[in-house]
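Here are my notes on this one, in the order I'd go through it on screen. Have the viewer open while you read.

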Amino acid sequence: MSVKKMNSPQWKKFQPPSQDPAILSFHQGSNTNYIQPAGSNNVRETGIIDKLQHSYGFIQCCDRNARLFFHFSEYGGNLDDIKIGDAMEFQMSYDRRTGKPIAVSVIRVDSSMVTSEILSEETFVGSVVQEAKPSTKSKNGYPLNSQDGFGRVTYEHNGECFFLPYSMDDISDTTTKLQPGDQVSFYIATDKRNGNIRARKLRPLQPPPQKRYEGVVCSLKETFGFIERSDIVKEIFFHYSEFKDNINELLLGDDCEFSVQNRNGKEVAVDIKRLAEGTVIFEDISLDRIKGKVLKTLQSNMNKRYSDPLGGRIIYETPKGTVDIPYGDKDQKGDYTLQQGDFVEFSIATDRRDKLQRATKIVLLDETFEKTGEPRETGVVVSLKDGYGFIQCADRDARMFFHFNELLDPEHQTKVQDEFEFLVMQDPATPSRQIAARIKVLPKGAVSFLTIRPEKYIGTIDREPSPHQSKSKTKDGDSGNIIFDFEGAIQSISYTMEHLLDLKNMPRYGDKVEFSIGEQKRNNHRQAVNVRVVLKNITGKCQGFIATLKENYGFIENADHDKEVFFHYSSFEGNIDDLELGDEVEYILARKSSKLSAENIKKLPRGTIIPEEIVREKGVLQGRVVRPMRIVNPDQEEYSGLVEIICDEDENAERYQYGITSLADKRDFLQKGDAVKFHVAVVKATGQLRAVNIAAIRKYVRARVDSIKGQFGFINYEALEGKKLFFHMTEVHDGVNIQPGNEVEFVVVQNQRNGKYSACSVRKITDTQRPERLISRLKSVSDDAGPRLIVKRQPKGPDNTQGFTQPRTLWNPPV
């Protein structure tokens, strides 16, 4: 502690001499307050300042055991430069008033020239018997007790054993830590003041090998970390600079070795090196597995700093009685929820450092669920996310949330459709929500959503299940349908692909099947299960005619001409481009949705289906369309169209049905009221009369094509004011190439549903026309404008006929 020094009034009167103050001090005698001691002969002494006050201080003599007062006026230098511990040279005198010895003529000298000890010339060898400790310093920097923190070193001399004190400052190498038993060399210092001796400049004869310790990295901060030691239950600090390799490669949990040094009164780890994984072992784990019961579970304490690291307790039976053993949060195999009263199996781990025992490798036993009567539910995983998922419960109509850490088998890789058994409990984080906990993995097929009745039933397939999953929430489109007789009433029941017993022999539309009825546990919904075919529908093959062709689907008119059935192009076995309207096909019926559809479609040779026989005696009849076909008017329920003969009395007019095969032009668009001519034919299979060879009596219109846009185009004909007439390329006869400018012949028809006009039965008349510039030029040329060419006499041939009508003969010259 530095003391602020101020000059006294006497110091202001003092004039500094021009010569050396050390020489002038011998002759100074102007101050009458001091008395020169008798017989002193002006002897100069040395000492060290050990105290400084406002205007004075004290000097500890180096050559004798004395402490002298001195006034700042006796110092011949700058007072701001002196401090406690500085070496001084002075002359002793006496105060006139008190007679006490004081220091006068004080000057500062080099500290290396001042010492209170006499150091031996030779070194001695001994051993440390007591380790030195850091001493407690006073305000002026000196020990409060001369023996505080001293160590002891012993040596033998002339058959006698001596003990000398030493402090930590007496060790030559401050980084060396001397311990009892270390051999050292030292000097003996004798205090000139009191004759006390001590050891100085201690050096170890052989530096003791630096002891290495082992541990595991347990904490990593920005520039430092901590290592859990394997020799004692303690963590030790280390700085990143003490790690010998790349610090970025050091990870939590790495095994390492290190040395210990004392820095600033604290132990730190130095010279850190990484060890192979598994080198450091803290505890010994018994091989025996012990059964016990959970007495106390770990509490989820938010303030982990003050929570008990071994807060759980397990009791188990031993030959000496019941014993309880603690466990921590890392001793459980998995992170699933443990409850009080659970039966568990565990091993005992004994810490090598403090011999503390705890339970580890804790596993929940299945007998817990049997003995405690825990309400367990089952379900199937239906959705997985990152770390969590959802289970479709078998016993309730709900999807239950779960975390992966609730699996009793932490090694299990969870997948969709995994079957689980679990406990439903309140979510600790969200009390209003229920979650699945303590989840046990079940074998495939263990979870059943249905309660199956023992009775067997016979039914008929009315709709086949779709092999593709429907996007609709109801999923009605995915299931099939069976019609059966139940208690005297015709009922229907659904089934799915998973409830078929033989997937290789899948039931088709019309097949007879045997099945059982299963009720879903969560909502009592009934469905058919264990479905198998008992009788195939051998009459399933049908025949018909192509009635409609759209973009990727079409319709087939059955052989009886009274129904149509949908089909997709993918169901046709062949090139779809080979199909034309009216082609004969063979197919089977299937119901994969709410409507029948045609599958396995094959094209038949023309004439395979028995044709109708025309009634010749009726001749060609004229009539009008009373009802068009459903392909023209989809809103009507009847498929077939209806024509009636035009006669004087409408009440007695005969009416005949017709279909796609009845049209002379399969692309003709017959609407209600159109005039037609037709024949009457009889169907040989049924004897029914129907109209055939129907041709529309229409007025054809000619115009030119304006533009073509892919599969449709427009004609320069205004059925509505300001709009050109639309036509589709399928309405062009014989599939000829139509280009803008072509002259075509067509019939204008109006769609009865939307009122729009379009062209049908389009026939190409000419290929091209004269350019507009020539047509307009010809129109602008007048008959009277410019010269005209007039033929006055028509040319005649040699035979007085117009032109050369006779064959040409070669002229032969005379011989």
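1. Let's start with a pair of rings. Y155 counts as buried, with a relative accessibility of 8%; for the cut-offs, buried means under 20% relative accessible area, exposed means over 50%, and partly exposed is in between, using a 1.4 Å probe and protein chains only. F162 comes out as partly exposed, at 28% relative accessible area. The ring centres of Y155 and F162 are 5.4 Å apart and the planes sit at 25 degrees, so this pair is stacked. The terms work like this: rings of Phe, Tyr and Trp (its six-membered ring) pair if their centres lie within 6.5 Å, with planes under 30 degrees apart called stacked, over 60 edge-to-face and the rest tilted.

2. Before going further, the ground rules. This is a predicted model, where local features need pLDDT of at least 70 and side-chain atom pairs count only at pLDDT 80 or more, while totals for chains, interfaces and linings use all residues. Residues are numbered from 1 along each chain as its sequence is written, and side-chain values use heavy atoms, leaving out hydrogens and water.

3. More on rings. There are 31 aromatic pairs in the structure. Y155 and F162 also belong to a cluster, linked by ring pairs, that includes F124 and F186. Elsewhere, F567 and Y569 have ring centres 6.1 Å apart and planes at 40 degrees, so they make a tilted pair. F567 is buried at 0% relative accessibility, and Y569 counts as buried too, at 18%.

4. Two charges are worth a click. The charged end of R376 sits over the ring of F369, 3.9 Å from its centre. The charged end of K201 sits over the ring of Y187, 5.7 Å from the centre. "Over" here requires NZ of Lys or CZ of Arg within 6 Å of the ring centre and within 35 degrees of the ring normal.

5. Now the overall make-up. The secondary structure of the chain comes to four helices and 50 strands, both taken as DSSP runs numbered from the N terminus (H or I and at least four residues for helices, E and at least two for strands). Of the chain's 815 residues, 38% count as buried. Among contacts (heavy atoms within 4.5 Å) between residues at least 6 apart in sequence, 56% join residues at least 24 apart.

6. Which strands make up the closed barrel? The five are β24-β25-β26-β28-β27, in that running order and with mixed pairing. The twist from one strand to the next averages 55 degrees, with axes as lines fitted to C-alpha atoms and angles running from 0 to 180 degrees between N-to-C directions. Strand β24 (residues 377–384) pairs with β27 (residues 419–426) in the antiparallel sense over four bridges; strands pair if DSSP finds at least two bridges between them. E377 has F422 in β27 as its bridge partner.

7. Have a look at β19 (residues 290–296) as well. It pairs antiparallel with β22 (residues 343–351) over four bridges, and three bridges join β19 to β20 (residues 312–318), also antiparallel. K293 has bridge partners in both: F343 in β22 and I315 in β20.

8. β5 (residues 87–95) and β6 pair antiparallel over six bridges, and Y94 has P101 in β6 as its bridge partner. Five residues lie between the two strands, and G99 in the turn has a positive phi of about 80 degrees. Six of the eight residues of β6 (residues 101–108) are buried, so this strand is largely enclosed by the rest of the structure.

9. Finally, the core. The largest nonpolar core has 20 residues, of which V643, Y658, L670, F678 and I694 touch the most other members. A core here is a set of buried Ala, Val, Leu, Ile, Met, Phe, Trp, Tyr and Cys residues joined through side-chain atoms within 4.5 Å. Elements giving two or more residues to this core include β42 (641–645), β44 (675–682) and β45 (689–696). Beyond its neighbours within four places in sequence, I694 is in contact with residues including V643, Y658, L670 and F678.
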